[in-house]
Amino acid sequence: MKYISTRGNPEEFTASQAIEKGICSDRGLFVPKEFPKVSLEEIEQMKKRDYKEIALSILKRYLMDYSEEELKECIGVYDETFSHPEKAPVVKLKDGVYVLELWHGPTLAFKDMALQIMPRLFTYARKKNNAEKDSLILVATSGDTGKAALEGFKDLKGVKVVVFYPADGVSDVQRLQMQTSAGKNVEVVGVNGNFDDCQTAVKNIFLDEELNRSLDKFKLSSANSINLGRLLPQIVYYFKAYLQLLRDDEITLGEVVDFSVPTGNFGDILAGYYAKQMGLPVGKLICASNKNNVLYDFLKTGVYNKQREFFKTMSPSMDILVSSNLERLLYHTLEDGKVLNEIYNKFEENGVLELDTVSLKKIQETIVPDYSSEEECLETIYNTFDKNNYMIDPHTSVAMNGALKNKSRKIVVLSTANIYKFSSSILKAFDLEKSNEFENIQALEKLSKEDIPLNIKKLKSLKILHTKVIDKDKLRYILKSL
Ligand SMILES: *Cc1c(COP(=O)(O)O)cnc(C)c1O
């Protein structure tokens with residue numbers, strides 16, 4: 001399996017090269033040349049396998065220049081750091097709705113599903129490509145990626161990590177998780193701006209030749225969801241969900257299942273699209289956005305316009321106006337890197353992207369756009385608890401609302417965060433919000449009867465190590481001082 005750029009450059013790369021580089025030098029994203037297929041017979045055979053075995057079976061089809069032994073060592077991380085034996089369990093609610101819980105990793109958000117294994121894949125990639133320089137991994141985060149990357153890469157040899165987060169755009173728990181991160185090789189910096197400002201600033205660093213010269217001792221890379229090492233491990237849990245439904249006799253082999261995905265940068269849902277291309281019986285993928293509904297408008301009209309108001313919402317990890325991974329979906333739909341290159345050149349110039357109607361129709365066959373207002377988000381948290389005695393976080397609520405509105409067959413809602421990362425917003429739905437976050441956490445425990453995870457309890461006593469906050473045009477100065 002070889003990887004190429006979305007932007008029409010014919011040069012081919014191995015999986016490990018793509019993971020080490022993060023992004024192509026022509027600004028494109030790495031995509032597989034074709035999709036490895038999984039037959040229904042193979043799916044049937046996988047039914048009895050556990051998460052790690054499913055992961056091996058999927059990942060070895062993509063990561064061809066990793067040996068089976070290496071992959072097993074990487075995948076072993078799920079046993080070491082995940083608190084649930086199923087890693088990503090499926091919970092059955094009423095009326096044919098299922099929830100896939102993706103937050104049993106150390107930082108309590110779905111980002112751990114990929115960011116726990118990716119540092120190991122990255123370390124092997126460095127070895128395979130005889131990396132001499134240390135890697136400098138720049139991370140722009142809307143809240144959850146930052147902590148997951150800090151946790152995954154901490155104290156790893158040959159790697160330095162710098163995380164940029166919107167200083168005013170994350171939840172209290174998200175901020176505390178990052179600010180208390182230990183590790184000799186990590187830096188955490190707040191930015192006066194939103195996630196898109198952080199993401200754009202990081203992208204510009206990659207293109208800033210003068211800065212790159214002054215950072216000559218490092219090789220720059222990215223741990224954002226544009227990195228293939230993030231995308232591929234996410235395909236696994238779509239298979240896991242389907243296989244668990246099969247194992248539990250909720251569905252029959254070949255039965256089509258829909259998925260509803262709370263979407264920001266389009267990485268999570270894109271993995272579902274990849275699973276479908278591989279042959280998993282996926283019907284529709286609900287692309288559930290919050291009030292920042294730029295993807296909704298695009299998927300309805302074919303016009304993506306990032307020049308619009310940015311809203312801060314209760315689901316901050318989805319407060320994004322430029323969904324990077326959409327580029328990969330467009331590439332697979334157009335199957336023409338030259339055309340895609342033109343489209344993105346224009347987009348980078350004027351912030352507007354237009355897709356022809358034939359391609360748009362093709363996308364709409366699988367991807368169904370939906371979005372939730374803040375009121376709907378609160379209502380859905382309340383109603384889900386009322387009806388099922390099951391508490392969900394605001395991101396999951398957006399996907400739940402999308403699932404209920406668009407339901408035509410059995411549907412799996414991807415649950416992306418543990419409730420205690422967003423206690424105050426959840427309590428708002430019940431009119432029980434308190435004045436400080438630790439009181440909120442106590443109140444949420446009383447209400448939900450869910451145990452508070454140890455990593456949340458510990459937060460209160462950890463030392464705050466990172467307090468830097470800078471203006472959005474000052475990122476380069478931070479890097480120069482490394
Ligand atoms: C990152 C994140 C999302 C959005 O996922 P994308 O891959 O960026 O679309 C949704 N919910 C939570 C809790 C997240 O951390």
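**Pockets, cavities and a helix pair in a predicted model**

Four elements, α10 (195-207), β8 (218-222), α15 (326-334) and α16 (337-350), each contribute at least two residues to the lining of the largest pocket. Helices (H or I, at least four residues) and strands (E, at least two) are DSSP runs, numbered from the N terminus. The model is predicted, and local features need pLDDT of at least 70, side-chain atom pairs count only at pLDDT 80 or more, and totals for chains, interfaces and linings use all residues. Residues are numbered from 1 along each chain as its sequence is written, and side-chain values use heavy atoms, with hydrogens and water left out.

Lining residues have an atom within 4 Å of a point. Grid points are joined across faces, edges and corners, and a volume is the space filled by probe spheres set on the points.

The largest pocket holds about 950 Å³ of space. Its lining consists of 36 residues, and Ile23, Arg27, Lys203, Leu207 and Glu348 lie nearest the centre. Of the contributing elements, α10 gives the most, with 8 residues. The lining of this pocket comprises 16 nonpolar, 11 polar and 9 charged residues, where Ala, Val, Leu, Ile, Met, Phe, Trp, Tyr, Cys and Pro count as nonpolar, Asp, Glu, Lys and Arg as charged, and the others, Gly among them, as polar.

The second largest pocket contains about 330 Å³ of space. It is lined by 17 residues, with Phe35, Tyr273, His332, Thr333 and Glu335 nearest its centre. Two or more lining residues come from each of α13 (267-278), α15 and α17 (357-364). Here α15 gives the most, with 4 residues. By class, this lining has 8 nonpolar, 4 polar and 5 charged residues.

The largest cavity has about 270 Å³ of space, and 27 residues line it, of which Phe110, Lys111, Gly264, Asn265 and Ser317 lie nearest its centre. The elements supplying two or more of its lining residues are α8, α12 (228-247), β9 (257-262) and α13. The largest share, 3 residues, comes from α13. In this lining 10 residues are nonpolar, 13 polar and 4 charged.

The axes of α8 (residues 144-153) and α9 (residues 172-179) come within 9 Å and cross at roughly 25°. Axes are lines fitted to C-alpha atoms, for helices over the stretch in contact, and angles run from 0 to 180 degrees between N-to-C directions. The two helices are therefore roughly parallel to each other, a class that covers angles under 35 degrees. The contact (heavy atoms within 4.5 Å) is made by Asp144, Gly146, Lys147 and Leu150 of α8 and Gln174, Gln177 and Met178 of α9. Those residues divide into 2 nonpolar, 3 polar and 2 charged.

Notes:
On a 1 Å grid over the protein atoms alone, a cavity is a set of points where a 1.4 Å probe fits but cannot get out, and a pocket is an open set with protein on both sides within 12 Å along at least five of seven lines; lining residues have an atom within 4 Å of a point. Angles under 35 degrees count as roughly parallel, over 145 as roughly antiparallel, 65 to 115 as roughly perpendicular and the rest as oblique.
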